[in-house]
Structure formats: C-alpha cells, structure tokens
Amino acid sequence: MGSSRGWSGYLRAAFNARPWGMFVAPNWVALAAFGLLGAAEPGFWVLGAGVELGYLALLSTNARFQRLVDGSEAVDSETEWQQKVNTLLAGMSEADRRRYETLTARCRAILDQQAHGGAVALDAQGAGLGHLLWMYLRLLAARHAIERVVSEAGGSGPLEQRLRDLDEQLARQDVGEDLRRSLHSQADILRQRLAQQQDAKEKLTFIQAELVRIQEQVELIREQAVLSTDPEALSQRIDQISATLGGTAQWIREQQQVYGAMDDLLTEPPPLVGARPAVRQ
C-alpha cells in the first residue's frame, strides 16, 4: 500500500518524531532551548532556525525514516479498519462471527502459503483477498439488518391471520360504509407489509447464496495456490473473482438505502496481511 502523505506529510512526521521511550520529541526540546537562549541573545534564534531547517530537510528525505513513516501509516489504517470490523461483528450472532473469522483464516493461510513459497505478488493478492473479505462482511451486515427488520415486524404468520380476520369482517353484510373503508385500508396495508416481508425473505436467500459463493471461491483460490507455481497468475485469478462481485456490491449499496446499518463499510479496507515480512529499515 503506497503512502498518501507526500513530502509535506514526511515533514510533519519529522517535526514530531521522537525515539521509542521518549514522551517529548527532541525537536521540540531543541526549539524551546533556542527560544530561551534567543531571549538573551537574538543570534541564537537565527542559529536555531538554520539548525531546524537542516534537521527537517535531512530527516524528512531520509529513505529509512520514510519507510518507518509509511509502515506506521499502514498499521494505523489496518488498526482503524479492524476496530470498525470488531464493532460490526459485536452486533452479529456468534455463528456469523465464526463464519467471518473462519474465512479470514482461510485467506491468511493462502498468503502464508505463498509467502513460504517465495511469491513476490503478495501485495496484489492481499488486496484481492481483502476485497473478498470486505464483500463477505458487507453481506453479513446486510443480512443482519434485514433479519432485524423482519424480526421486529413479528413475522408473516400474525399478519396473514389479521388479513384473514379483516376479510371475514369485510364479507359481512352489516358492516357500515365508513367502517368498510377503514377495514379496506387496513387490509391494503397488511398486503403491502406481507409483500415486503416476502421480498426480505428472497433477499436473505440471495445473501446466503452469495456468502456460500464467496466461501467456495476462497476454497478454489486456496487449491490453486497449492497447485500453481505462478503467483502472478494467481493474482489475476483473484482479481477476476473480485470483478464478478461488482453486481453484488451495487446490490448491497441499494439495500443500505433501505435498511441502513452499513455506513462504516462504504470504503475499501486495507489489503489483507498474511505472513508479513519484517519492515526493512
């Protein structure tokens, strides 16, 4: 994952950089010292400005420092995303949490196997597998939101019974016109609610099918990773599978407008990390 900081970002990081174990950046201490000395002798302010500019220029352009900053940025991004995932999973059932954790473990196993085999396309594979997991999580979130709405509605059984009762009342000849209009209106509303619940059940069936499809796709990728000696071909295969989920992603966006509860999942996650090599310094 490339850094989005740019030179100004490295400059800010250099200004606030502090070694491990220090609570205050050495640069701040130096600025304070030159500031105090300059109060007695203004020449120290000029000297301090020169030292500061040289320090910032030297550190912000240092390749090792930039790698450390980039690594920290990637860790922060992954940590923030994982916190969102944990919050979302906390509201789901234990079964759904296990499904997601199991699929995550399978994806990481693919990257581990590739890393041990000396593959050089781990970044691309991690991005593709991360996208599959992201889609899987969004489907779980969509199902959770739809199931909650259906549960709060009380199920179709009571609605059907109420509709039958209304039809029996409407069939009576002694019902006044005002009451008949009210009963007709109630019956129409119940029919609409039943239709919505039927639509929700069909959506739940579709979600289950898509969840299984992603699980099977990950299994296919895992088998290909074991048999293939070409990591680039495996990366292309992962990308092809991700591309087939474009329609599912659009469907989920449409459901969010109806059911909500997926606001935190509208941005792409960081790539999945398996066997991450040590950061070179």
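**Nonpolar patch and cores**

Me: Which helix gives the most to the nonpolar patch?
Reply: Helix α3 (residues 43–60) does, with three residues; helices are DSSP runs of H or I, at least four residues, numbered from the N terminus. The model is predicted, so local features need pLDDT of at least 70, side-chain atom pairs count only at pLDDT 80 or more, and totals for chains, interfaces and linings use all residues. Residues are numbered from 1 along each chain as its sequence is written, and side-chain values use heavy atoms, without hydrogens and water.

Me: Which residues form the patch?
Reply: Leu 37, Phe 44, Leu 47 and Val 51, with about 320 Å² of accessible area together (Shrake-Rupley method, 1.4 Å probe, only the protein chains shown counting as cover). Patch residues have over 30% relative accessible area and no salt bridge, and nonpolar side chains (Val, Leu, Ile, Met, Phe, Trp, Tyr) are joined within 5 Å. A salt bridge is a side-chain nitrogen of Lys or Arg within 4 Å of a carboxyl oxygen of Asp or Glu.

Me: Why does Phe 44 count as partly exposed?
Reply: Because its relative accessibility is 31%; buried is under 20%, exposed over 50%, and partly exposed in between (1.4 Å probe, protein chains only).

Me: Now the inside: how many residues has the largest nonpolar core?
Reply: It has 37 residues, and Tyr 100, Leu 129, Ile 214 and Ile 221 have the most contacts inside it. Such a core joins buried Ala, Val, Leu, Ile, Met, Phe, Trp, Tyr and Cys residues through side-chain atoms within 4.5 Å. The element that gives the most to this core is α6, with 13 residues.

Me: What does Ile 221 touch?
Reply: Not counting residues up to four places away in sequence, Ile 221 touches Ile 110, Leu 129, Leu 132, Leu 234, Ile 238 and Ile 241 (contact: heavy atoms within 4.5 Å).

Terms used:
Patches are made of residues with over 30% relative accessible area and no salt bridge: like charges are joined within 9 Å, nonpolar side chains (Val, Leu, Ile, Met, Phe, Trp, Tyr) within 5 Å. Helices (H or I, at least four residues) and strands (E, at least two) are DSSP runs, numbered from the N terminus.
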